[in-house]
Amino acid sequence: MPRVPAHLCERALGMLQGGMRTADVARAINCHVRTVRRLRQRYRETGRTADHPRSGRPRVTTPAQDRYIRISHLRDRYRMATTTARVTPGTHNPSISVVIAGNLNALRYRDRKTSSSLMWYPLCMLIRT
């Protein structure tokens, strides 16, 4: 779900301090009424409208490794993700092939195992029927 940008939070807070109703403010900045209520409550408690920082999941590969993975799979479409994990410089995690397969999926590339299973699936369905 997209977050309300900071400039709209400030604008909504100004509207609330100006005396507008919560529902009218929510309609004006195109968000849910509960979002405006939480914004007002956060401002009362902390004096700020900014969200609290979130940790998120730490990255396993660096941007340079991501570029290497992308280029190597563009050069060799039939390379498996496990092979890429083995030869990617700087990766020592044994489960890195899962991460690489996920990165390739996000880039809309297929590794050898995935592309071969996708190619033969319709043929198997035709044989069974």
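Me: What should be kept in mind about the origin of the model and its numbering?

Reply: The model is predicted, so local features need pLDDT of at least 70 and side-chain atom pairs count only at pLDDT 80 or more, while totals for chains, interfaces and linings use all residues. Residues are numbered from 1 along each chain as its sequence is written, and side-chain values use heavy atoms, with hydrogens and water left out.

Me: How many helices and strands does the secondary structure of the chain come to?

Reply: Helices (H or I, at least four residues) and strands (E, at least two) are DSSP runs, numbered from the N terminus. Here there are 7 helices and 0 strands, and the order from the N terminus is α-α-α-α-α-α-α.

Me: What share of the residues in the chain is buried?

Reply: A residue is buried under 20% relative accessible area, exposed over 50%, and partly exposed in between (1.4 Å probe, protein chains only). Of the 129 residues in the chain, 23% are buried. Accessible areas come from the Shrake-Rupley method with a 1.4 Å probe, and for residues only the protein chains shown count as cover. The accessible surface of the chain is about 10000 Å², and carbon and sulfur atoms hold 55% of this surface.

Me: How many of the contacts in the chain link residues 24 or more positions apart?

Reply: Contact means heavy atoms within 4.5 Å. Among contacts in the chain with a separation of 6 or more, 43% are between residues 24 or more positions apart.

Me: How is the length of a helix checked?

Reply: The expected span is 1.5 Å times one less than the number of residues. For α1, 12 residues should span 16 Å, and the end C-alpha atoms are 17 Å apart, which agrees. For α3, 14 residues should span 20 Å, and the end C-alpha atoms are 20 Å apart, which also agrees.

Me: Which residues of α1 are buried, and where do they lie around the axis?

Reply: An α-helix has 3.6 residues a turn, so residues three or four places apart point the same way. In α1 the buried residues are Leu8, Cys9, Ala12, Leu13, Met15 and Leu16. Their arc around the axis is only 160 degrees, which puts them on the same side of α1; the arc is that of the directions from the helix axis to the C-beta atoms. The face turned away from this buried side carries the exposed residues Ala6, His7 and Gln17. The buried residues of α1 pack against α2 and α3. Just after α1, Gly19 has a positive phi of about 105 degrees.

Me: Which residues of α2 are buried?

Reply: In α2 (residues 22-29), Thr22, Val25, Ala26 and Ile29 are buried. Down the axis of α2 these residues fall within an arc of 100 degrees, so they line one face of the helix. They pack against α1 (6-17) and α3 (33-46). Asn30 follows α2 with a positive phi, near 60 degrees, and Gly47 follows α3 with a positive phi, near 80 degrees.

Me: Which residues make up the largest nonpolar core?

Reply: A nonpolar core is a set of buried Ala, Val, Leu, Ile, Met, Phe, Trp, Tyr and Cys residues joined through side-chain atoms within 4.5 Å. The largest has 10 residues: Leu8, Cys9, Ala12, Met15, Leu16, Val25, Ala26, Ile29, Val36 and Leu39. The elements giving two or more residues to this core are α1, α2 and α3, and α1 gives the most, with 5 residues. Apart from this core lies another, of 5 residues, among them Ile69, Ala85, Ile100 and Leu104.

Me: What does Val36 contact beyond its neighbours within four places in sequence?

Reply: Val36 is in contact with Leu16, Thr22, Val25, Ala26, Ile29 and Cys31, its neighbours within four places in sequence being left aside.

Me: Which backbone atom does the side chain of Gln65 reach?

Reply: Gln65, in helix α4 (residues 63-75), reaches the backbone nitrogen of Thr62 with its side chain at 2.9 Å. Gln65 counts as buried, at 10% relative accessibility.

Technical notes:
Polar contact = N/O pair within 3.5 Å; in protein donor to acceptor, adjacent residues only side chain to side chain.
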